[in-house]
Amino acid sequence: MLYGTRSNGKQHGSVLTKHAVVVNMLNRLGYVAEFDLRNIKIIEPAAGDGVFAIEIIKRLHQSSVNHRFSFEESLSNLAFFEVNESFVDRLTNRVKLLLCKYGVVLPNRLIRKENFLLAKVSKCDLIIGNPPYVRHEKIPEFYLKTYRNIFATFTHRSDLYIAFFEKSLTLLSEKGRLSFICSNRWLKNQYGKGLRNLIRLSYSVVEIIDMEGTSPFEEDVMAYPAIVTISNSNHEQPAYYYKIQQIEQLSEIDKSIGYEKTLNINNSMNWFANDSFAKGYYKLLSAIEDQDFKIGIGVATGADKIFIRKDFDSIVEKELLLPIVSSKDLKNNDLNWMGYYILNPFDKSGNLINLNEYPKTKKYFESNKEILLNRHIAKRNPDAWYKTIDRIKPGLANMYKILLPDISGNYHLFIDKGNYYPHHNLYYITGKNSKKLVLLAAILMSDFVKNQLLDFGNKMNGGYPRWQSQNLKKLRIPVIDNIPNNIALSITEAYNRKDYGTVNNLISAKNISKYKIKAGQIKMFEPNQDKYKQ
């Protein structure tokens, strides 16, 4: 098991594709029996139990019948990679049975029990499949280092499929095409930036079929799927974008069912950012951090069960405790703190405390030393084995701040009035003026902002946008100092009574255009286009 097991006992990277999706993907690539397929070289990088492989072989055989060429010889143009032993066995048995019907013996190199990312592979015309989804933290350290050395786009906290994209693209022959069904997050997230740039410079997106809300896999997983087709020909125009609600619509796309728009994304790194809403309003809009606000993310400890508890009272020194708030405290449009504290191992200067000065804490940490030492941060710096991943700055707990859960169904955005320290699953925004923070919170609740987030950020099930630092920094909002006092008061009152309709009305393109600059007001902030380029 290369990447370990999931909570359901199945292996990471082993989510299989439904046959109907496979059929449509091959059709859209043009790998159909009506054509002469004898010389088409095709690769599947992660074959699983053979849903793509079986369909490909059947089509090749029918093409050989239609066009009278040697099916057995043409099998040399196919290669199916798989590293999971149980899948290899099932794949091999299924392919053998199928070939037996055609009177052909399984060729030696048809099924390759190899790690595709490390294998030596020849150029090909088509690459198709469902690359494995394995989150960054689930990839063993050895493979992380190896893949980082090999693949330039495998950076930040990339999912494994990013490496599959890069290697596959480099294997395409001239005008060859790749079609993958996988998570759509790389199209918008920070970790997909390198891959998007590679495609922008050297390849061309043919189409994106957004399948959020459908079930294209054999098990129910939250994968936010999309089918992306890319060509090894620079800057084909246009790239087509489709949004479908049901798998059955895949076969209807060319009849315009589910068709949404074309995207001019092959010359842009920021594929889904749409600034059309802001045209004519740029002088009235600004980035959040250009208005004296600061965007941050809460503390990561690497061992929450040790650093965060309710029952610290008699175990450690009280002066080291800070009340901590997490996304679990923000439910049903309200903040209900559950009483957890974080044990802060840093002093006021930001240095690690001397454990000898805190005998209770020393005893507590040493009783958990084995677990703490096993963290990556402790392995890098064994002398600081009891530190949290992020440095804790106690002053943050006392500051007014907007709390933003990464994923949330809340409509209301909460303001902590200086009571809590934020956990890693919360983003936060601080500012010098608490009244302006309330205005900002109201603005961020508006559809004006939500539509921006949905345009260039990931949408979760239920249609909720994700509050992530990279997306917050791209937002363009009204310059708060230019909002007339009476309007600002109305927005604040609407926020306090959770009147989202009034907030939406006041924070709309129509009304923003009325927020004129008065003589002597602060100078306008011009958007820094380069600062937030994807």
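**Exercise 1.** Determine which kind of contact the side chains of glutamate 85 and lysine 113 form, and state which parts of the chain the pair ties together.

*Solution.* Step 1: the side chains of glutamate 85 and lysine 113 meet in a salt bridge, at 3.8 Å from N to O. A salt bridge is a side-chain nitrogen of Lys or Arg within 4 Å of a carboxyl oxygen of Asp or Glu.

Step 1: glutamate 85 lies in helix α4 (residues 85-101), and lysine 113 in the loop between β3 (111-112) and β4 (124-129), so the bridge ties together parts that are 28 residues apart in sequence. Helices (H or I, at least four residues) and strands (E, at least two) are DSSP runs, numbered from the N terminus.

Step 2: glutamate 85 counts as exposed, at 53% relative accessibility. Buried means under 20% relative accessible area, exposed over 50%, and partly exposed in between (1.4 Å probe, protein chains only).

**Basis of the values.** This is a predicted model, in which local features need pLDDT of at least 70 and side-chain atom pairs count only at pLDDT 80 or more, whereas totals for chains, interfaces and linings use all residues. Residues are numbered from 1 along each chain as its sequence is written, and side-chain values use heavy atoms, with hydrogens and water left out.

**Exercise 2.** Locate the two partners of the salt bridge between glutamate 207 and arginine 28, and classify the accessibility of glutamate 207 and of arginine 28.

*Solution.* Step 1: the N to O distance in this salt bridge is 2.7 Å. Distant parts of the chain are linked by the pair, as glutamate 207 belongs to strand β6 (residues 204-210) and arginine 28 to helix α1 (residues 19-29), 179 residues apart.

Step 1: glutamate 207 is buried, at 9% relative accessibility, while arginine 28 is partly exposed, at 23%.

**Exercise 3.** Carry out the analysis for aspartate 481 and lysine 436.

*Solution.* Step 1: these residues form a salt bridge whose closest N and O atoms are 2.9 Å apart. Aspartate 481 is in the loop between β23 (477-478) and α15 (485-496), and lysine 436 is in helix α12 (residues 434-445), 45 residues apart.

Step 1: aspartate 481 has a relative accessible area of 29% and is partly exposed; lysine 436, at 26%, is partly exposed.
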